[in-house]
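Open the model in your viewer and keep the selection tool ready. The stops below follow one another.

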Amino acid sequence: MSGAALGLEIVFVFFLALFLLHRYGDFKKQHRLVIIATLLAWYLCFLIVFILPLDVSTTIYNRCKLAVNSSPAENNGSYVTLAPSKQKCFKPWSYIPDGIMPIFWRVVYWTSQFLTWILLPFMQSYARSGGFSITGKIKTALIENAIYYGTYLLIFGAFLIYVAVNPNFNLQWNQLQTIGIAAANTWGLFLLVLLLGYGLVEIPRSHWNGAKRGYLLMKTYFKAAKLMTEKADAEENLEDIMEEVRKVSESIKYNHPLRKCVDTILKKCPTEYQERMGRNMDDYEDFDERQNSYPSEKSLAKLHKQVIYSVQRHRRTQVQWQILLEQAFYLEDVAKNESSATRQFVHTFHSQEPENKIIQYFYTPTVEWYWECLLRPWFYRVLAVVLATFSVIVVWSECTFFSTKPVLSLFAVFIQLAEKTYNYIYIEMACFLTIFFLSICVYSTVFRIRVFNYYYLASHHQTDAYSLLFSGMLFCRLTPPLCLNFLGLTHMDATISHKKTQPTAYTSIMGSMRVLSFIADGFYIYYPMLVVILCIATYFSLGTRCLNLLGFQQFMGDSEMTSDLIDEGKELIRREKRKRQRQEEGENRRREWKERYGNRDDSARSRAVHTDQKESSFSETSANRPLSKYTRSNGRTERDRIELLQDAEPLDFNADSVNDDPLESDSGR
């Protein structure tokens with residue numbers, strides 16, 4: 001099993017990152033480099049979280065081996081036995097051989113740092129650029145990132161000057177490397193505590209409120225009112241941008257040098273606007289530079305950027321509106337079915353997407369009623385209590401992890417108790433649950449926050465390239481300090497425990513933080529205590545109240561504006577529900593009409609086909625008969641010649657009888 005656990009987790013984490021990226025990104029429409037860069041950033045960050053517990057168990061085993069080798073002992077198979085205490089150091093099932101983890105962490109860490117500080121910021125500017133060529137986009141990205149990179153050099157130079165001026169330090173390459181790592185981790189830890197303080201309170205509270213059907217329905221109405229405003233704003237913005245595109249398209253003719261740029265802009269417009277502009281365009285007029293003033297390539301690039309943004313925003317609001325409608329309809333159905341006597345869940349509208357037959361077989365209406373109306377609220381309450389307990393343990397450990405005598409951090413107590421018995425399964429599970437909960441609190445906040453319309457992770461493939469790349473940057477900056485904070489909580493970091501023991505492979509690549517003592521002994525230890533203040537502020541919704549005072553509508557139960565938006569959203573949902581009901585009634589009437597009168601149409605078609613077959617068989621038999629001795633045949637051929645020269649009258653299918661030969665009727669008359 002040596003190294004097998006590492007390989008399995010590498011494969012599992014890759015598919016996990018791919019699944020999440022597929023949920024938020026769009027593989028068909030977005031650029032491949034954006035997808036690959038974001039996938040790599042997410043994958044490396046998730047990989048660090050999943051592999052770190054294996055590093056901890058391997059380090060504990062290596063410490064045991066060092067303790068055994070430093071005392072008289074005898075080696076028995078896969079474990080080592082101490083002579084005095086007869087203690088056994090079992091090799092963990094997930095043991096990773098020496099030399100693999102340092103190389104692995106070095107590659108993962110420096111790749112993630114290259115992504116977050118150099119490549120992803122450049123690709124952000126490249127993705128938002130409105131240039132029409134690769135060279136133009138690269139030039140724009142370099143100009144936009146000049147200030148960005150200059151800030152990094154300024155901060156790094158300040159640390160470098162501090163170390164160079166201090167006579168106690170002899171500046172070497174390893175120390176220079178540690179300064180860079182310390183600068184990156186300091187920035188990451190500053191942001192980590194902010195996000196962690198929000199997630200530790202909001203995640204348990206959101207699950208507790210998830211058990212309240214009335215609360216969820218009111219919040220959905222509130223979201224509907226806000227989203228309708230945003231949707232109308234996006235439609236109006238798109239109309240204005242399309243009007244500018246139309247004017248530019250009409251002014252720049254087919255033989256103008258900038259016509260290729262205009263065609264590129266038109267390709268990014270929605271299909272209905274492309275067709276409308278194509279009908280109004282006259283390509284037979286030549287352009288005249290002396291009579292008209294034409295836009296420059298720079299202004300066209302700006303317009304191209306606006307078109308990309310407005311189209312993406314319009315598409316996102318349309319999809320989110322449909323999703324929110326389905327959610328509101330479902331919550332209303334749950335409220336209606338709670339008092340159902342049949343205990344079978346009845347939907348107002350049928351699902352527009354085809355459901356899996358296996359799910360339909362097991363998830364019957366009765367099972368759905370018991371889950372949605374009885375079990376789900378209690379499940380969410382129990383889960384909220386468990387998550388709240390974890391949050392309290394994290395807050396306590398963040399405030400006391402610097403204390404080594406006595407050990408007050410609960411996570412450190414759990415790990416040390418398991419270390420005495422060398423229960424590696426318990427150690428890995430405890431480490432995994434701890435770092436997984438910390439990651440959920442931090443990463444879920446990254447997925448929830450929204451910086452106006454510049455950064456917003458929207459599910460159902462509606463996230464733009466800029467937001468995807470920005471999320472990759474945040475993950476790469478938050479994960480290393482998150483892991484260091486976890487190692488400090490469990491006292492696996494020698495800087496915190498003050499013990500001369502073998503460090504973990506992850507800590508070894510970070511170098512000794514003693515190069516910057518004011519960071520190692522001050523900022524890294526005491527700054528995480530601010531998580532208490534942030535948790536209190538989140539519990540009393542101070543940030544939400546401040547945003548509400550500034551004019552940003554937030555969901556608050558005691559606000560008059562919130563009540564008005566809830567009423568507005570309820571009316572919007574009611575209007576959309578009536579519209580959906582009329583559509584379904586129309587479809588049902590058409591279906592019933594087709595089922596009722598479709599059989600008559602089919603029988604009429606079958607009779608017509610049968611008549612055609614009879615006529616064809618009759619013509620074949622008449623052709624096979626011998627010529628009659630009467631002169632009627634000669635007259636028939638003569639009439640056929642006449643028929644070719646004159647127009648035959650149309651047959652009246654509504655008449656009582658149909659005469660095969662209209663000429664015979666004339667001769668008869």
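Which helix holds Leu433? Select residues 424-448: this is helix α14, and Leu433 lies in it. Helices are DSSP runs of H or I with at least four residues, strands are E runs of at least two, and both are numbered from the N terminus.

The model is predicted, so local features need pLDDT of at least 70 and side-chain atom pairs 80 or more, while totals for chains, interfaces and linings use all residues. Numbering starts from 1 along each chain as its sequence is written, and side-chain values use heavy atoms, without hydrogens or water.

Leu433 is partly exposed, at 41% relative accessible area (buried is under 20%, exposed over 50%, partly exposed in between; 1.4 Å probe, protein chains only). Patch residues have over 30% relative accessible area and no salt bridge; like charges are joined within 9 Å, and nonpolar side chains (Val, Leu, Ile, Met, Phe, Trp, Tyr) within 5 Å. A salt bridge puts a side-chain nitrogen of Lys or Arg within 4 Å of a carboxyl oxygen of Asp or Glu.

**Negative patch.** Go to helix α7, residues 213-251, where Glu239 lies. Glu236, Glu239, Asp240 and Glu244 form a negative surface patch.

**Backbone stops.** Select Lys405 and Pro406: a cis peptide bond joins them, with omega about 0 degrees. Pro406 is in the loop between α12 (365-400) and α13 (410-421). Next, pick His461, whose phi is positive, near 65 degrees. His461 sits in the loop between β5 (455-456) and α15 (465-489).

Key:
Areas by Shrake-Rupley, 256 points an atom, 1.4 Å probe, with all protein chains shown as cover. Lys, Arg positive; Asp, Glu negative; His and termini not counted. Charge placed at Lys NZ, Arg CZ, Asp CG, Glu CD.
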